[in-house]
Amino acid sequence: MLSDIEIAESAQLIDIREVAKKLNLTENELELYGKYKAKITLPKNAERKAKLILVTAINPTASGEGKTTVSIGLADGMAKLGKKVCLALREPSLGPVFGIKGGAAGGGYAQVVPMADINLHFTGDLHAITTANNLLCALMDNHIFRGNALKIDTENIYFHRCMDMNERELINIQIGGQGRGVAREDHFDITAASEMMAILCLATDIDDLKKRLGNIIVGLNTDGEYVYAKDIPGAVGSMAVLLKDAMKPNLVQTLEHTPAIIHGGPFANIAHGCNSIQATYAAMSLADYAVTEAGFGADLGAEKFLDTKCRVAGIEPDCIVVVATVKALKLHGGAAKENLSQEDLVALEKGMPNLMKHIENVQNVYKKPVVVAMNRFFTDTQAETDFVIAQVEKAGATAVFTDVFLKGGEGGKELAEEVIKACEIKSKLAYAYELDESVCQKIEKVATRVYGADGVDFSDEALAKIKTIEENGYKNLPVMIAKTQYSLSDNAELIGRPTGFRVSVRDIVLKGGAGFIVAIAGKIMLMPGLGAHPAAEKIDLTSDGVIVGLS
């Protein structure tokens, strides 16, 4: 079979204006970036009429689950059934593209294209976010250097620089000194984990964007009071100018020419893991069905989508799809990676509780209809397939084995049919916690109700910061837990459905601009490093200008 990049490069794309016509967009609502990409502008207060479908997954494993691939194949399957459908996905980060995980444009015959453009610089959104973030840092440090009228305490600066690449050497750095600025410690976050990314994705319009930018807490002053970005002369307006075009969603297409809006790219383990509200609004306004996804497992991306994004945006999904594979479930059951192609009903049975927990969360915590999408591998045996279907049916849901990787939309039609039926079930979104509860209560409810923990242990530093946050009037914000994606717990080694564990919250970060409180659990880092053999080792450009090795 051809590689992902070979399939994408051999695809016959249609002009993006033809894709736009499927959504009844006019050329006046498009800003063209060549023949196959465009930014779109929608009228304010456009009616959001579409059924919204959220695609999430079990906790990821080394075998891969294919959540984006299923999202794309599901949308293509709906299009084959004659439905007016639009995707709303996140933009890839260059960190994973050149690191371990790879790109985020799907796989096989369920891809969004132009794949190389989307995975690399695209329309420059992530560069604009990075630049706006670092402009604020530069203005803040210049203010300190020029006399520090705001009395910013250089020992208590909360806002940090970022870059869109995995670079462990920048986790902790020394800046300034020797007559070139005030010497202090700083560090870099990856752009996808930055508050600037969250702000772009959660802003509902330009006015809201500027309000959020102004509310960024850059640190404390020497009196222990918060210092905001709006206190730094010129910061809000200049950042907004840099983000002006980045605020507009990007329109591309699938291999089968289904419209796809791709915009914003926060990670779900260390950020909120959903595409922009602007993109979701656009998809829901322009189609009858909008398919979106949230990063990593349902304990991360889906929880943050439902408890935070839905609250901010005033939306809720009509159906939630949980993606899994037989191989991944066997890994959760303790099977060795080299033996995954062999039938192993014992490991499959031991791994099923991970999937069951995510189904339970959707049904019992959030009160939403759920469909399980099983990405089929040719090594899946009939006995394994039958076992999964039977177990999911016992849980009150439906499991559909899909072939979207090999067959595109044709392989997603059965899943599309089940999802369309599920969308007709009346439901009302419930939340894991209420906003008026204390910060500790909200964190504990996510940990116990969604993760299955026995409770939460807070460090003294975390408790002190929570006290300060609540005293300063930020108690009613949603919480965002940063933890490993590989486990329901905060310990990556506890696979399957662990029990008898507690979550350790070692730090708390208030994101005043994004409008949420981050609880940092376990050993999670906001700037990943490269692995022993990063994907960059395989990526190259031929003498004919053809990109190879991209995935």
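This briefing describes salt bridges in the structure above and the places where some of them lie. The model is a predicted one, and a search of the whole structure finds 27 salt bridges.

**Pairs between separate elements**

- Lys330 and Glu384 meet through their side chains in a salt bridge, with an N to O distance of 3.0 Å. Lys330 belongs to helix H12 (residues 326-332) and Glu384 to helix H14 (residues 382-394), so this pair ties together parts that are 54 residues apart in sequence. Both Lys330 and Glu384 are buried.
- Asp457 and Arg502 likewise have side chains that meet in a salt bridge, here at 2.9 Å from N to O. Because Asp457 lies in strand E20 (residues 455-458) and Arg502 in strand E22 (residues 502-511), the pair ties together parts that are 45 residues apart in sequence. Asp457 is partly exposed, with a relative accessible area of 36%, and Arg502 is also partly exposed, with a relative accessible area of 39%.

**A pair within one helix**

- Lys421 forms a salt bridge with Glu418, and the closest N and O atoms of the two are 3.2 Å apart. Lys421 and Glu418 are 3 residues apart in helix H16 (residues 413-423), so about one helical turn separates them. Lys421 counts as exposed, since its relative accessibility is 51% and the exposed class begins over 50%.

**A network**

- Salt bridges also link Glu31, Lys244, Asp245 and Lys248 in a network.

Technical notes
Residues are numbered from 1 along each chain as its sequence is written. This is a predicted model: local features need pLDDT of at least 70, side-chain atom pairs count only at pLDDT 80 or more; totals for chains, interfaces and linings use all residues. Side-chain values use heavy atoms; hydrogens and water are left out. A salt bridge is a side-chain nitrogen of Lys or Arg within 4 Å of a carboxyl oxygen of Asp or Glu. Helices (H or I, at least four residues) and strands (E, at least two) are DSSP runs, numbered from the N terminus. Buried means under 20% relative accessible area, exposed over 50%, partly exposed in between (1.4 Å probe, protein chains only).
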